[in-house]
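Please open the structure in the viewer and keep the selection panel at hand.

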Amino acid sequence: MDRVRESAPQLASITPYDPKYIPADAFMSANENPHDVSEDIRHEIERAVRKVDLNRYPDPLANELRDMIAEANGLERDWVLVGNGGDELLFDTALAWGGPGRTFLNLPPTFSVYAANARLTNTAMVDVPRKGAPDFAIDEDAVLAAVSDPCNPVDFTIIASPNNPTGLRAPHDFMERLLAATDALVVADEAYFEFSRMTSRPLLEANRNLVLLRTFSKAFSLAGVRLGYIMAHPDVIKEYLKVRQPYSVDAVSQAIGCVVFENRAKFEPGIRAIIDERDRVMEGLKVIPGVRPFPSDSNWVLFQVEDAAHAWEYLYGKGILVRDFSDAPLLEGTLRVTIGTSEQNDAFLANLRDFCMRKRD
Ligand code: PMP
């Protein structure tokens, strides 16, 4: 046949996710950890991976890792589910709580994958935009009104805390009020919570509608491995089990995850260093003329700069890749820089300063 039927109609409005990852000397665009896992952990990983039976299917539920995560959080195994990165679990959320006739409440600007998953699953979307700069605070009253609207019941919402790409965490008392106001599923996306030092974990037992989503990709330097997990009431986990791909977490990733999770305390100094560098970058940005950084609880800083698209190009010309949000709705004129090594942060600040000074000459 020289033709093919059209794909599902909801795909017409979808463009594949593009991380805009292009060659560079300094990758400061994807909110990764600038440091790879240490040599001693790498050796342990090598030993663990050598023992994996590659000819056998993995444990579908990654129970060894699941048990470690559960124990560390004072939970039973059935409160935890491991996935192929947080991304898979976000997709599973849309599959399990979304779909035709269902509604997702989104708080833009936020992680674009949430809205894409809603579109893919034919889930209706209600937007409650965040308030504007500098802190892009959640419009708490509007969110609470939206989840209480009897004419348009919300089935699930995702609150990124800290919020990517704007930077700040969600207030704890707001999470508490939201969870009490609705029986909609509330996913607290805590992919970056290690940099904010705040979690909704204390609210978990009292709220059957809460899901905590975490990842190994950021604080634990494992973006290349693809491991994330959720913690939620076992009744909620059971629904995720119905939609997930049975073998989504491969045996090698499981083995690596176990080693890294066992060694998680060793990542603490690295996390602290990123927080310190973030504060340094923030101060550096504040004194560059024409630059306005927004507060961050995470491992990046969003900032406004005059002529942002050219600033991006200038930095890229110097080998520094940052993320360009200058055309994104509600984020006009902004770039996002992920905290890198001290040297990378210095180079970023110096080159951005050069760009801004040239524009003034
Ligand atoms: N949530 C947020 C807010 C993110 O920024 C990301 C990564 N970009 C994820 C979830 C998913 O991370 P991963 O799939 O690497 O676990």
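Begin by selecting helices α1 (39–50), α2 (63–72) and α9 (251–262), each of which supplies at least two residues of the lining of the second largest pocket. The model is a predicted one. Which of these elements gives the most to that lining? Helix α9 does, with six residues. The second largest pocket has a volume of about 390 Å³. Its lining comprises 21 residues, and those closest to the centre of the pocket are Val52, Glu64, Ala251, Gln254 and Ala255.

Next, turn to the salt bridges. How many does a search of the whole structure find? The search finds 20.

Select arginine 169 and aspartate 297, whose side chains meet in a salt bridge with an N to O distance of 4.0 Å. Arginine 169 belongs to the loop between β5 (156–160) and α6 (172–181), and aspartate 297 to the loop between β9 (291–293) and β10 (300–305); the pair therefore ties together parts that are 128 residues apart in sequence. Arginine 169 is partly exposed, its relative accessible area being 39%. Aspartate 297 is buried, with a value of 16% for relative accessible area.

Proceed to glutamate 190 and arginine 214, which form a salt bridge with the closest N and O atoms 2.9 Å apart. Glutamate 190 is placed in the loop between β6 (185–189) and α7 (193–196), while arginine 214 is part of strand β7 (residues 210–215), so this contact ties together parts separated by 24 residues in sequence. Are the two partners buried or exposed? Both glutamate 190 and arginine 214 are buried.

Now select glutamate 268 with arginine 197. In this salt bridge the closest N and O atoms are 2.8 Å apart. Because glutamate 268 lies in helix α10 (residues 268–286) and arginine 197 in the loop between α7 and β7, the pair ties together parts that are 71 residues apart in sequence. Glutamate 268 is partly exposed, at a relative accessible area of 26%. Arginine 197 also counts as partly exposed, at 45% relative accessibility.

Where does alanine 311 stand in relation to proline 165? The C-alpha atoms of these two residues are separated by 18 Å, and the residues are 146 residues apart along the chain.

Leucine 95 is found in helix α3 (residues 85–97). Leucine 95 is partly exposed, with 37% relative accessible area, and patches are made of residues with over 30% relative accessible area.

Technical notes
Residues numbered from 1 in each chain as written. Predicted model: local features only at pLDDT ≥ 70, side-chain atom pairs only at ≥ 80, totals over all residues. Heavy atoms only, no water. Helix = DSSP H or I, 4+ residues; strand = E, 2+ residues; numbered from the N terminus. Buried < 20%, exposed > 50% of the residue type's maximum accessible area, 1.4 Å probe, protein only. 1 Å grid on protein atoms, 1.4 Å probe; cavity = no way out; pocket = protein on both sides within 12 Å on 5 of 7 lines; lining within 4 Å. Points joined across faces, edges and corners; volume = space filled by probe spheres on them.
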